[in-house]
Amino acid sequence: MDWMKISLYDNASPIMEQLILFHDYSMLIIVSILSIISFFMIKMMLNKFISSKVLENQMIELVWTLIPTIILSFIALPSLHLLYLMDELNNPLLTIKIIGHQWYWSYEYNDFNHIEFDAYMSPMSTFRLLEVDNSTPIPTNCQTRLITTSSDVLHSWTIPAMGIKMDATPGRLNQISLFPNRSGKFFGQCSEICGANHSFMPIVVDIIPINYFILWIKTFN
């Protein structure tokens, strides 16, 4: 785990990879616009030639309306594509139901009998306010459906490295697709202010190979 990062996390899923690419693409456009505008502003301030007779120019008006429209379309179309891609859910092999409480998480593996547990923040941990007593195992390269809800107030289940931030709303089920393609331990926290102990709701996901996941299922008690 890297501390003091000013950039995005290394991607652990195809969705996060696409989010990082879209971020870099958008920043390239924004920096280009700022550079061009700064150049013309400096040029106008240093320019000593003025004309009091120029009151309007229809062509200039047309150009500086069309160019921003075209630029915005170059940003909006990839954004909409990525938005629909995040909502796509194709034949999940595993379903995990996540229930938010004040102030801990509950997990239910609906494809198996009697596999459910609670995850509280661990008081003795290497990473302050990030470790839990029961981490959540998920197999690699497996299409997984995550369903969130809440038993009391609004919560938000978030894993930045996977590009996931999903609200847990009382009386409602939200779902999102996850396809982890890299093994490891990934951390997150509740991202919706939910009360006095909001800061003490960490999330830990263990992405493990499928054979280790099957072994965990068999040995779960």
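Is Asp167 buried, exposed or partly exposed? Asp167 counts as partly exposed, at 33% relative accessibility. Point 5 returns to this residue.

1. **Ground rules.** This is a predicted model, in which local features need pLDDT of at least 70 and side-chain atom pairs count only at pLDDT 80 or more, while totals for chains, interfaces and linings use all residues. Residues are numbered from 1 along each chain as its sequence is written, and side-chain values use heavy atoms, with hydrogens and water left out.

2. **Two domains.** The chain splits into domain 1 (14–46 + 55–87) and domain 2 (94–219). These bounds come from an automatic or database domain assignment. The C-alpha centres of domain 1 and domain 2 are 36 Å apart. Five residues from domain 1 and eight residues from domain 2 take part in the contact. Contact here means heavy atoms within 4.5 Å.

3. **The interface.** The size of an interface is often given as the accessible area lost when the parts come together. Between domain 1 and domain 2, the buried area is about 450 Å². Carbon and sulfur atoms give 58% of that area. Buried area is the accessible area (1.4 Å probe) that two parts lose on being put together, summed over both. Which residues of domain 1 lose the most area to domain 2? They are Pro14, Met16 and Met86, together 80% of what that side buries.

4. Domain 1 and domain 2 share zero salt bridges. A salt bridge is a side-chain nitrogen of Lys or Arg within 4 Å of a carboxyl oxygen of Asp or Glu. Zero residue pairs are in polar contact across the interface of domain 1 and domain 2 (both at pLDDT 80 or more). A polar contact is a pair of N or O atoms within 3.5 Å; within protein, one must be able to donate a hydrogen and the other to accept it, and residues adjacent in sequence count only if both atoms are side-chain atoms. Helix α1 (residues 14–46) gives the largest share of the side of domain 1 that touches domain 2, four residues. Helices (H or I, at least four residues) and strands (E, at least two) are DSSP runs, numbered from the N terminus. That side of domain 1 divides into five nonpolar residues, no polar and no charged. Ala, Val, Leu, Ile, Met, Phe, Trp, Tyr, Cys and Pro count as nonpolar, Asp, Glu, Lys and Arg as charged, and the others, Gly among them, as polar.

5. **One salt bridge.** How many salt bridges does a search of the whole structure find? The search finds one. Lys165 forms a salt bridge with Asp167, and their closest N and O atoms are 4.0 Å apart. Why is Asp167 called partly exposed? Its relative accessibility is 33%, and the class lies between buried (under 20% relative accessible area) and exposed (over 50%), with a 1.4 Å probe and protein chains only.

6. **Ser106.** This residue sits in strand β2 (residues 104–109). Ser106 is buried because its relative accessible area is 8%. Its side chain makes polar contacts with two side chains: that of His101 at 2.8 Å and that of Asp118 at 2.6 Å. Beyond its neighbours within four places in sequence, Ser106 is in contact with residues including Lys97, Ile98 and Phe117.

7. **Lys97.** Look in strand β1 (residues 94–101) for Lys97. Lys97 is partly exposed, with a relative accessible area of 23%. Leaving aside neighbours within four places in sequence, its contacts include Ser106, Tyr107 and Leu173. Lys97 and Phe187 are 90 residues apart in sequence and 18 Å apart in space, C-alpha to C-alpha.

8. **Thr144.** Strand β5 holds Thr144. Is Thr144 buried or exposed? Thr144 counts as buried, at 0% relative accessibility. Not counting residues up to four places away in sequence, Thr144 touches Pro92, Leu94, Ile96, Ile138, Ile176, Ser177 and Leu178.

9. **Backbone points to check by eye.** A cis peptide bond joins Gln102 and Trp103, with omega about 5°. Trp103 lies in the loop between β1 and β2. His114 is not a glycine, yet has a positive phi of about 60°. His114 is in the loop between β2 and β3 and counts as exposed at 74% relative accessibility. Asn141, also not a glycine, has a positive phi of about 50°. Asn141 is in the loop between β4 and β5 (144–150).
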